[in-house]
Amino acid sequence: MAGLGELERSVMEQLWMSDTPLTANEVRDRLAEPSAASHGPATTTVLTVLSRLERKGFVARARDIRPHRYHALLSRAEHTAELMHEVLSSSSDRDAALARFVGTASAGEANTLRRLLDELVRH
């Protein structure tokens with residue numbers, strides 16, 4: 001994820017994998033490596049990362065309950081699509097960038113692109 005540090009990406013992964021909003025302690029516990037001597041980042045570190053992600057618009061928190069619960073504002077797919085759009089928008093030659101992207105697609109990805117473009121044309 002462009003613009004995010006390693007711990008920010010790890011926190012986002014935990015939020016995306018969860019079916020429900022998580023507290024900072026729950027995120028910390030999920031980040032802890034079960035087989036390592038390390039217990040993962042401190043809760044204060046996780047809270048700092050969550051606050052930073054909230055300021056950047058990646059997460060929101062429920063402030064009406066304690067401890068606060070955090071959830072991702074966009075799904076992983078939505079975030080990835082935004083990154084792709086951002087990169088494409090920064091290109092001086094969008095057609096060439098799209099051609100290069102499509103040229104590296106697998107057969108399955110090409111079929112998905114074809115199907116999605118067909119659906120877009122029909123609507």
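Start by selecting Val46, which touches Ala24, Val27, Arg28, Leu31 and Pro41, leaving aside residues up to four places away in sequence; contact here means heavy atoms within 4.5 Å. The model is predicted, so local features need pLDDT of at least 70 and side-chain atom pairs count only at pLDDT 80 or more, while totals for chains, interfaces and linings use all residues. Residues are numbered from 1 along each chain as its sequence is written, and side-chain values use heavy atoms, with hydrogens and water left out.

Val46 lies in helix α3. Helices (H or I, at least four residues) and strands (E, at least two) are DSSP runs, numbered from the N terminus. Val46 counts as buried because its relative accessibility is 0%; buried means under 20% relative accessible area, exposed over 50%, and partly exposed in between (1.4 Å probe, protein chains only).

Next, select helix α2 (residues 24–31) together with helix α3 (residues 43–55). Their axes come within 9 Å and cross at roughly 110°. Therefore α2 is roughly perpendicular to α3. Axes are lines fitted to C-alpha atoms, for helices over the stretch in contact, and angles run from 0 to 180 degrees between N-to-C directions. Angles under 35 degrees count as roughly parallel, over 145 as roughly antiparallel, 65 to 115 as roughly perpendicular and the rest as oblique.

To see the contact, show Ala24, Asn25, Val27, Arg28 and Leu31 of α2 with Thr43, Val46, Leu47 and Leu50 of α3.

On the α1 side, pick Leu7, Ser10, Val11, Gln14 and Leu15; they meet Val27, Arg30 and Leu31 in α2.

Move on to the strands. Strand β1 (residues 59–62) runs antiparallel to β2, joined by four bridges; strands pair if DSSP finds at least two bridges between them. Together β1 and β2 form a hairpin with six residues between them. Select Ala62 to find Arg69 of β2 standing opposite.

Which residues of β2 (residues 69–72) are on the covered face, and which on the uncovered one? Tyr70 and Ala72 are on the covered face, Arg69 and His71 on the uncovered one.

Finish in the loop between β1 and β2, where Pro67 is found. A cis peptide bond joins Arg66 to Pro67, with omega about -10°.
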